[in-house]
Amino acid sequence: MRNTSDVWRLVEVNKGEFFELSDRIWAMPELNYQEIRSVRAHAEMLARQGFRVTGSVAGLPTAVMGEAGERGPVIAILGEYDALPGLSQEAGIAERRAHPRGPNGHGCGHNMLGAASLLAATALKSWLEASGMEGRVRYYGCPAEEGGSGKSFMVRAGVFDDVDIAICWHPAAFTGVNRPYSLACVEIDFHFRGRSSHAAGAPHLGRSALDAVELMNIGVNYMREHMPQTARIHYALIDGGGVAPNVVQGQACVRYLIRAETLAEMWSLVERVKKIAEGAALMSETGTASRQLSGDANLVGNAALERSMYSNMMALGPPGFDDADKVFAAEIQKTLRQEDIATSYDRFGLAPRIGEALSEEIYPLGSGVNSLVGSTDVGTVSWVVPTVQCRVACYAIGTPGHS
């Protein structure tokens, strides 16, 4: 039996430059499919660590793959580096303050996700080389997890077809192996076309596309009572038809994100939403068309991999935080509501603890995320490759996701 503890030693030896990579990605937040500098930084690190680097994976300019090894099973470690809009934040303070660099920010920890995954791939590569074991390590830099379904496009292009195992992680308030549960989702734009006219002088000549959008939203809101409780539907107005209230809006667009526990359940809801859009067009005498932007499958679990990851996490031990970490987290927690903190525990099926700002334990295998859950394109990967994922405590308990 080879000494796998050497992997952890290799992590410790190399971690400094990956901390620096994470900080660099934090300082240049880029939205989905626009991660030009971020992917370049990851590609440069891959080359520096001796990986064979492939750019524009699956035809996506901001996807990258680094591979090491010639034979043996293919071990894929997935990384991300996309940011979110409207979450600009100064580092090192326990209050909201936008950074002068612009409106984007890493409100989901993807600056750490990509850097730490690359550190893991580097340590595993070095360990395999030193031990003489056969195995191919691949780091997949995956763009656009936040609403762009980058991994889903990569799956469709076949880049995981020869992979034997896929491993991923995500920053969280608690540490443990993910319960394999996420919602399948699809994002669709609904465009409405009407006829403009003067809103006061000739309103009878106009057919309002904005009216159609509002009618559609009302119809979907009435549908919510008659769909599975675990399903979720969200919408955002993409084009309101202009800013002039004295003109009947000739075009408008609303974006829908439709989620459900299974793909079959999700597609059923999509058909119902499309019918509502058609009804809104009939009522407003407008035309409508829809365009799917992205989509993710729900996660498929792998009990053997989950047990293996859990045993390794228990052997490694939970994350440890120093006094400065705890003081800073407590300051952040003061800005949160008690409801935020309670919901954070509830999402992981855990009982609240008074006065705990940072979690320093590993939650039991089989616990974890309950029905309050979102979607991830890791789910699509899990349909074609045995996949396992963990969460690691990186922030104050109660911090809302995407904040």
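**Note on the predicted model**

1. Leucine 46 is buried, at 0% relative accessible area (buried means under 20% relative accessible area with a 1.4 Å probe, protein chains only). Leucine 46 belongs to helix 2, residues 36–48 (a helix is a DSSP run of H or I of at least four residues, a strand a run of E of at least two, numbered from the N terminus). Between the C-alpha atoms of leucine 46 and valine 254 there are 40 Å, and the two are 208 residues apart along the chain.

2. This is a predicted model, in which local features need pLDDT of at least 70, side-chain atom pairs count only at pLDDT 80 or more, and totals for chains, interfaces and linings use all residues. Residues are numbered from 1 along each chain as its sequence is written, and side-chain values use heavy atoms, with hydrogens and water left out.

3. Aspartate 82 sits in the loop between strand 3 (74–80) and helix 3. Aspartate 82 is buried but has no salt bridge, and lysine 151, the nearest side chain of opposite charge, is 7.0 Å away. A salt bridge requires a side-chain nitrogen of Lys or Arg within 4 Å of a carboxyl oxygen of Asp or Glu; Lys and Arg count as positive, Asp and Glu as negative, while His and the chain ends are not counted.

4. What does the side chain of aspartate 82 make a polar contact with? The partner is the side chain of histidine 110, at 2.7 Å (a polar contact is a pair of N or O atoms within 3.5 Å; within protein, one must be able to donate a hydrogen and the other to accept it, and residues adjacent in sequence count only if both atoms are side-chain atoms). A polar atom of the aspartate 82 side chain also lies 2.8 Å from the backbone nitrogen of glutamate 146.

Technical notes. Buried means under 20% relative accessible area, exposed over 50%, partly exposed in between (1.4 Å probe, protein chains only).
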